There are 4 protein chains.
Amino acid sequence: MLRFGILGAGRIGNVHARAIAASGRANVGYIADAMPEAAQGLADAVGAKTASVQEVVTASDVDAILIATPTDTHADLIEDAAKAGKAILCEKPVSLSVERIEQCLQVVENAGVPLMIGFHRRYDPNFAFLEKRLRAGEIGDPEIITITCRDPSAPPVSYIERSGGLYRDMMIHDFDMARFLLGDEEPVIVHALGGVMTDPEIGKAGDIDTASVQMQTASGKIVVITNSRRATYGHDQRIEVHGSKGLLRAANIHNTTVELANQNGWTEDAIPFSFIERYQAAYTAEIHKFLDFLDKGEAPRASGYDGLMAQKLAEAASESLKTGQAVKVI
Amino acid sequence: MLRFGILGAGRIGNVHARAIAASGRANVGYIADAMPEAAQGLADAVGAKTASVQEVVTASDVDAILIATPTDTHADLIEDAAKAGKAILCEKPVSLSVERIEQCLQVVENAGVPLMIGFHRRYDPNFAFLEKRLRAGEIGDPEIITITCRDPSAPPVSYIERSGGLYRDMMIHDFDMARFLLGDEEPVIVHALGGVMTDPEIGKAGDIDTASVQMQTASGKIVVITNSRRATYGHDQRIEVHGSKGLLRAANIHNTTVELANQNGWTEDAIPFSFIERYQAAYTAEIHKFLDFLDKGEAPRASGYDGLMAQKLAEAASESLKTGQAVKVI
Amino acid sequence: MLRFGILGAGRIGNVHARAIAASGRANVGYIADAMPEAAQGLADAVGAKTASVQEVVTASDVDAILIATPTDTHADLIEDAAKAGKAILCEKPVSLSVERIEQCLQVVENAGVPLMIGFHRRYDPNFAFLEKRLRAGEIGDPEIITITCRDPSAPPVSYIERSGGLYRDMMIHDFDMARFLLGDEEPVIVHALGGVMTDPEIGKAGDIDTASVQMQTASGKIVVITNSRRATYGHDQRIEVHGSKGLLRAANIHNTTVELANQNGWTEDAIPFSFIERYQAAYTAEIHKFLDFLDKGEAPRASGYDGLMAQKLAEAASESLKTGQAVKVI
Amino acid sequence: MLRFGILGAGRIGNVHARAIAASGRANVGYIADAMPEAAQGLADAVGAKTASVQEVVTASDVDAILIATPTDTHADLIEDAAKAGKAILCEKPVSLSVERIEQCLQVVENAGVPLMIGFHRRYDPNFAFLEKRLRAGEIGDPEIITITCRDPSAPPVSYIERSGGLYRDMMIHDFDMARFLLGDEEPVIVHALGGVMTDPEIGKAGDIDTASVQMQTASGKIVVITNSRRATYGHDQRIEVHGSKGLLRAANIHNTTVELANQNGWTEDAIPFSFIERYQAAYTAEIHKFLDFLDKGEAPRASGYDGLMAQKLAEAASESLKTGQAVKVI
């Protein structure tokens, strides 16, 4: 059985480690985290040992490294793991700098190790099924892609300050989803709008909390993305593709199918407020797809290149917001 | 242009008279009502004159009589209009007595005049479309028909006392809908349950306010109907047909398509509380179908025979409630 | 009773004239159209006479002029009617030229006559109810407005050539809807994308058939609009407002509430393919609101100023498409 | 950690054993099955050993017995396990004979061991949430309960022959759900209809495949249940409760939230065809609730008494079908 070393025992490290332990196809050998109790707690839960990052990366009985540490460590850890010959599943983003990503991917390529980027939404059963039907031609060619992503509430300002800004931190998932749905074509024009609507502190930290981006490919396909850091009604996650032969959309998942009718109308149950709850099935599928990549040689659904390209779009959006003008992506 | 005489200027007389006036295919010549102001008000609204019932029925410039008077006058008025050679559109029911209906239909048959019964739900665009698709074989043979009918609130007890009871007054529309959907086959077994849940005064008046009936045809097809005199959420009107090749259902109409999402969930707009609002399109279509019957010789969607058969099912249900046992309908 | 003169007996002139005739609050005195049979046909249907445009505009027994002629005649006819002292309901747009609109509105102002612009969507019961709830504060302040508008199929290329282009001809309704929903604030930044996806002939005519626009107000509110000239599934008309306290949306109207379930899934009935069918209730309400404006002095829901401002946004979008850059609207 | 012995390694034994192994709160010690390969396969999957039924029931290192063997063995095995002092989770039904159930429950009571019956639908998150909200008074008192249950296809006729008939084999879940929703009150009147619509072989085997039952409690509450052994559109599982203050319903779960719009309408994704897939979350929750029963002393959501009462209703329905009359349940 394949053995993982987990770097980072925070919220997302927990999700991944438990998904690996429950997969029946792999197990967790080691957990490393700067906070020893966090590492120990997760290690106990999944039957693993704790170790230092360096020990995990170089452990001879570790086949794959899962990187779930803070963003600014990703590129270095990928390089370390690559040099140690390990397969790598890294949370997005590889780096906030496009140049740094390019360097890092070069190291991975030289090392010849498998690398997959944790764009979990590609594994969501709803979005994956939509993409499959789109590729199968059910609505002909995609023409307008609309992506809606709204979080219940913003992360702490201290996090936002180091996040690279909304486009790199939050909308990057939507840039990736846009590319996933577009298939062959890349966006070449990006125009971004943004504002501070939910919390002035976010503005003081130099970021925005409400944003939209529209992009176009060379052949004219259009992508429209809207984001908000605050949605009173939960983690709003929808995509819609208008094509030459019809429309495909993936709606929100509601907590239950229970509905109440009274004088106020007909009320469907709420949608999840936690992204972990919302994407539980996606995280499970992600681990299995990574194992399929390693075991069966199936192409990873999100490669290092995908990580790079999403970052380029986030860069372009950030620049567009700054200049107020549309930006060409090369 | 065909000219109508309207007997009864109450709520439903108003609906019909206005639908005739707006049809562009017929007009209203006379209005009769025991309350002169009601007659005059409606006459003014539709450009008609007032007259006595007897005058309207025998007026030489009246082609068709619309009967919207209290139930206990229907059979007599049908006979009068038939003897005067008028076409007749009569609100349900012809009579609360099956024997009386049979006599009356005989008079109509002898007179050779057209008669249509006002089972308005057969003309509802939703239910009519469902029936059309059912007849077209989209779900094969119907096997289980489920009819849900709930009123926002009960009529006054004074009305209930003379109504013939819930099965004859309210569920009769569902009996008719069941027959409409069954097509060739008639229910042969009826079992009824009923209780007083919404208002003890209804019980004191000898009636029920909450009821269900299940029926079966000779070949085994099943019909299930539930009724309540009180629904806090509006005029609940749904049908569902489970067939050998699939399921067809007609859901409630909501007031608008507007939906609100917040921490309480996702709330669709309410459904109509007034049956006149709910069935506005049905009443308009009903007049046109009656005119098609007269002008083009199209079979009426609800004939005197349909009125008779629905009444027989209501009789059977009433008897079943009394005896506690299933009743055979011949 | 108020008497209308109708200029233009085409499709939309027909809709309005019939709505007036059925309103019970006004009637149609005259119909003018360059094609005598069209004028006569409509005149017969609504009990009016035919006359020349000049005769209608100056007729002493006409109180209000409804302008439903080709776009390039609107401004001149508004001025003629204003000088004749008539109340005016004019189909959008006043003119394809912002300058011409401004001149024309000045003439109207000098004449002191009532003018309302036919942005029918403001009268749609769904959109109007959404706006009412938004104004009532149900979702706090609007932050992101998403407007989806897709037509089943494009008009003839001969029409497109003289239409002023998609932004002025089609998206102008969405610009108006955006302003309707924003309330006090105006968009100050407009960025437009567009492409030719459905028919190369549209491209040869110098126009686009697939487009998106994103706009922002001074305080940061965002509007996103997408348009297509071809939707295989009907006349797709949706709006959604994300606010500080929740989300309001108005979904499509389906032809009926009938749903079919079989091995392919659960299929809801189609949505209308004709905009006249889709907006039937809106056209009726529009006439009543115009009459309320005249009779009761209620402010028109869409004024000449609204016509001007929507046109400015369409101008800005057209310029943005040409330059590839965001455009400031003053 | 609590250790289970599993009797029966068929489809449902598999579901339960795996749910126990994944619970993190208990494990599986032994698997017994008449087919050694089945037992071994499951034992390997969950890290258990195989043993004979007798060995499992009496093993000193087994705390709880899960009974997933053929129906006619349930009562004997419950008694054996009870006498051995084990906690018991038994698949429905305890027995097809009400008398046998009563004997068996007496043995369990004498032994003083915990017993829970596997009515998995009580643990379905949707149905459980509906029941919770009903108990919380959100719709006042329940008045009409409507339960829809349709299977994609019938089990083999060989199974049906020994099943006790549709009411005992299939509708028993709905009888239990009705009791779950009714709360304090028991149905006292049962009337059943049934027919053979899907396969004449089922009729030859003495059973029906299409059925409805209506029941009433002493206070007048009504329950309506419809069943079919064949639904082309999947495993149709819905409940609806009409109450004095509103309506609560739990709709079907669809495979994904993906929807396709084209000229045929708007098609939602299918619902599951496999009951195991449909009730995956329910089976997991069931194990946890059994463990809560054992660990925390929480009342089992479905007790031996619940098993007995559901069986009594199934008896009554079977008798009603035979006699054609309503049956009183005592």
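## A salt-bridge network in chain A

In chain A, the residues A:Arg122, A:Asp176, A:Arg179, A:Glu186 and A:Asp306 are joined in a network of salt bridges. A salt bridge here is a side-chain nitrogen of Lys or Arg within 4 Å of a carboxyl oxygen of Asp or Glu. Over all chains, the structure holds 104 salt bridges.

Some background before we go on: this is a predicted model, in which local features need pLDDT of at least 70 and side-chain atom pairs count only at pLDDT 80 or more, while totals for chains, interfaces and linings use all residues. Residues are numbered from 1 along each chain as its sequence is written, chains are lettered from A and ligands numbered from 1 in the order in which they are written, and side-chain values use heavy atoms, with hydrogens and water left out.

Helices (H or I, at least four residues) and strands (E, at least two) are DSSP runs, numbered from the N terminus.

The side chain of C:Asp292 also forms a salt bridge with that of C:Lys296 (3.4 Å, N to O). Because C:Asp292 and C:Lys296 are four residues apart in helix H12 of chain C, about one helical turn separates them. The classes are buried for under 20% relative accessible area, exposed for over 50%, and partly exposed in between (1.4 Å probe, protein chains only).

## A bridge between chains B and D

Another salt bridge joins the side chains of D:Arg230 and B:Glu143 (2.7 Å, N to O). This pair crosses between chains: D:Arg230 sits in the loop between strand E10 (222-228) and strand E11 (236-243) of chain D, and B:Glu143 belongs to strand E7 (residues 142-150) of chain B. Both D:Arg230 and B:Glu143 are buried.

## Where chain A meets chain C

Chain A places 43 residues in contact (heavy atoms within 4.5 Å) with 43 residues of chain C. Together the two chains bury about 3100 Å², with 55% of it on carbon and sulfur atoms. On the chain A side, A:Leu193, A:Met197 and A:Gln214 lose the most area to chain C, together 19% of what that side buries. Buried area is the accessible area (1.4 Å probe) that two parts lose on being put together, summed over both.

Six salt bridges are found across this interface, and the side chains of A:Glu240 and C:Arg238 meet in a salt bridge (2.7 Å, N to O).

## Where chain C meets chain D

This contact takes 17 residues from chain C and 16 residues from chain D. The area buried between them is about 1300 Å², of which carbon and sulfur atoms give 57%. Between chain C and chain D there are zero salt bridges and three residue pairs in polar contact (both at pLDDT 80 or more). Strand E13 (258-262) and strand E14 (265-268) of chain C are the elements giving two or more residues to the side of chain C that touches chain D, and E14(C) provides the largest share, four residues.

Three bridges join E14(C) to strand E14 (residues 265-268) of chain D, and these strands run antiparallel. C:Thr267 has D:Thr267 as its bridge partner in E14(D). Two strands pair if DSSP finds at least two bridges between them.

Methods. Polar contact = N/O pair within 3.5 Å; in protein donor to acceptor, adjacent residues only side chain to side chain.
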